Every structure is written in C-alpha cells, then in structure tokens.
Amino acid sequence: MIKKTTYNSASHVELVKSGNDFFEKAYDIIHNSKHTIHLQTYIFADDSTGLETIKHLSAAVKRGVEVFLLVDAFGSHELKSHTIKIIKESGIHFRTYSPLLIGYHIRFGRRLHHKILVSDEQEALVGGINFDNNYHLTGKDTPWLDYAIYLKGTVCEEISVMCLRLWSGKGYFRRRKKFRKVHADAQKSQHPISVKLQQNDWLYGKKRISRGINNSIRHAHSSVTIVASYFLPGRKIRRSLKNASRRNVKVKIILPGRSDVKLVKYAIGYWYAWLLRNNIELYEWNKTILHGKLITVDDDWVSIGSYNINHLSHFSSIETNIDIKDAAFCHKVKLELKDVMNGCDIITSAEKGKRIGAFTKFLYWSSFQFVRFLFSLQFAILSKE
C-alpha cells in the first residue's frame, strides 16, 4: 500500500538560481536566525565558499543560535581535518553522514545527496546547489546552472523535523513541541501556496519523488519540461514520457552539453535517438556545467530539489524535492526555463546525424552499459549493507 502525502502550505515561495542569488539568500537566512539552523549538504567544499559559510555559521553560534552541519562523507571527502577542527571549535555541531570507513569495512552505500538549509522552522532553502565555489563564481566566471527554492511557512516545520531526524532522533518530539509554540503565529498566511515535501530514501522504502514525477507526467495535459543534469531514465519514466508525447503533450528536456562527469554525459547520449523518435524536444546547455534538477508539468505544477532522474537517485541516495502546485509560481519558472532554452543548442534528428558517427554511437552505447553496471553494483552493495 502506497502512503499518500498531502500538500502543506507556504506563505512564500521563490525560485533561486545558483550564484550570488543563492548564497546571498543563504547568508541572509543564517544572519536572521534566532534559535536553530540545520545545514545538510552533499558537498561542503574546503574553498572560499565553504570558509565564508563557516564564518557566517560561527557568527550565528556567537549570537546563541544552535547550528547543526551535516555533510556527506563521500561528497565532502576533501574537507580537511584542519577545517573540521575550526568548525567544531567555533561551536558548530558537525557530523559526516555515512562514513566511508567503519572499522575494517569500506562503505559506498546510502548517500546524503540532498541540499537543505532551514532556520527556526520558519524559512528554508531546498534544491540541488552545493556549498562549493563551482556554484558561487563571480566576475567573469559563471557558476554551474542549478536551482533551489526559498520557502516560508508551515512546511519549514516539516523540513526541520526531517533534518533533525537525520541528525539524531533523540529528544526530537520534546524540543519540537516547545519550539512550535514560540513560532506558530509567525507562520500564518492569508494566501497559502500548496507545497509538498517529497523524499526518496530506499532504506525506509520512500520513493515519493520518483512516484510523484512519474504520476505527474502520466497525467499531463499540455506540457512537460525537464531540466536534467544526469538523465538516465528507467522504464517507467520512459513509458510515461512516450505516452505523454503520443497524447500530444509537448515534452521538452534540457540536457547538459558540458558535464562534470563525462562518462554520464556519454551515457545520456545513448538515449538521444529514442527521445527524438518519440517527438521529444532536446536542448543542450553549453554555456556552463548544467547541474539543475527541475520539472514543470502543465501550467501549475513544479518539482525542484536534488533528485536526478536515474537509478542512483531512485535506489541509493537520500533525496529531497519540493513539489509546488501554484499557477503563478509555475509561470515564473517557465519564463526562466524559456530563457535557458533560448541559450541552448536545439538537437534535432538531422543535427544528431551530422555529429554522431559510428565511433560516437559505440562510445554512447558502451558508456551507458558501463554506467548501468555501476548502478547494479551499487545496488548489490546496498543490499549487503
């Protein structure tokens, strides 16, 4: 039996783009915090962005704010012991999630892939943006293209609870009840926006993001637009996309022209022929690295977060998305994606035929087979752990 989740409410939602837009918003949240901050991320880099974030979090601790920083052990493996010492000595509660070495065992299993900043159960940032220079370049440099959503309202309570459970389940109900009493009045809204916190976590059988995306595509009436940095769809998503196209739903997918993982980029290329055969419009973003994970369906539904449409996100990582059911917000997101597509290369069957020869076809096929093998190996390791 599938447990259904209901929509919560937000008093404010805002699309946030990588670069100064995101980090200024994040540092404002930290600066305005009065009681508690949870920052959970896959990559917390040992670079100028990471150090600047530590400075802001440390300042919050000095104001009496309780700060919890949880980073993935694999994604943040370059974080130096000296920097970790600075974090802990500043009073920040710090942990790495799922250490790679436990005793004599090496673990590659369940990874913390979501990216969340939540303060005082009142405001939050949820998306795909890591705390890393690649997402925070300024001047002549352009950051990787990615998105997050800024939220205010009662949904932030739910986000905070989820973060606290991941950090440590102890004492959670007692502390949360006390905290909610203080802030209940601050989260009322005359015009609430319907939002839903969605999570994928194989250990607890949670597949709400993948089910939500698939169901939305299945019931689409007019349009589906996907931003996908590591697009390797399984059978269910492919079937839903194919059927949507047959219903004359306009399906558009924005894919990476440049990728930080070349093997995955080649594996994505394996699906180009199938996608084009099914009248799905393809756009390649070549200006920077594409790292976004976003989907709009029709004129009133958006999902933004850390979830990639592939088996790794579906089966092994902890992923978090926010679904928003609101026509006005969806319109703003579609305008942003229209600007992105205007800066993309459009891939057609003719264009594909010009640039893809026999060797490239073999490269795409072999890359896909190898990535599929790696996913199978990952799943086998997870099953044993």
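**Exercise 1.** Is Arg-111 buried or exposed, and which side chain does Arg-111 meet in a salt bridge?

Step 1. Arg-111 has a relative accessible area of 7%, so Arg-111 is buried (under 20% relative accessible area; exposed is over 50%, partly exposed in between; 1.4 Å probe, protein chains only).
Step 2. The model is predicted: local features need pLDDT of at least 70, side-chain atom pairs count only at pLDDT 80 or more, and totals for chains, interfaces and linings use all residues. Residues are numbered from 1 along each chain as its sequence is written, and side-chain values use heavy atoms, with hydrogens and water left out.
Step 3. Arg-111 forms a salt bridge with Asp-72, at 2.8 Å from N to O (a side-chain nitrogen of Lys or Arg within 4 Å of a carboxyl oxygen of Asp or Glu).
Step 4. Asp-72 sits in strand β4 (residues 66–72) and Arg-111 in strand β8 (residues 111–112), 39 residues apart; strands are DSSP runs of E, at least two residues, and helices are runs of H or I, at least four, numbered from the N terminus.
Step 5. Asp-72 is buried too, at 0%.

**Exercise 2.** Which parts of the chain does the salt bridge between Asp-299 and Lys-334 tie together?

Step 1. The N to O distance is 2.8 Å.
Step 2. Asp-299 lies in the loop between β17 (293–297) and β18 (301–305), and Lys-334 in helix α11 (residues 327–342), so the pair joins parts 35 residues apart in sequence.
Step 3. Lys-334 is partly exposed, at 25% relative accessible area.

**Exercise 3.** How many salt bridges does the rule give?

Step 1. The count is six.
Step 2. One of them pairs Lys-25 with Glu-14, with the closest N and O atoms 3.3 Å apart.
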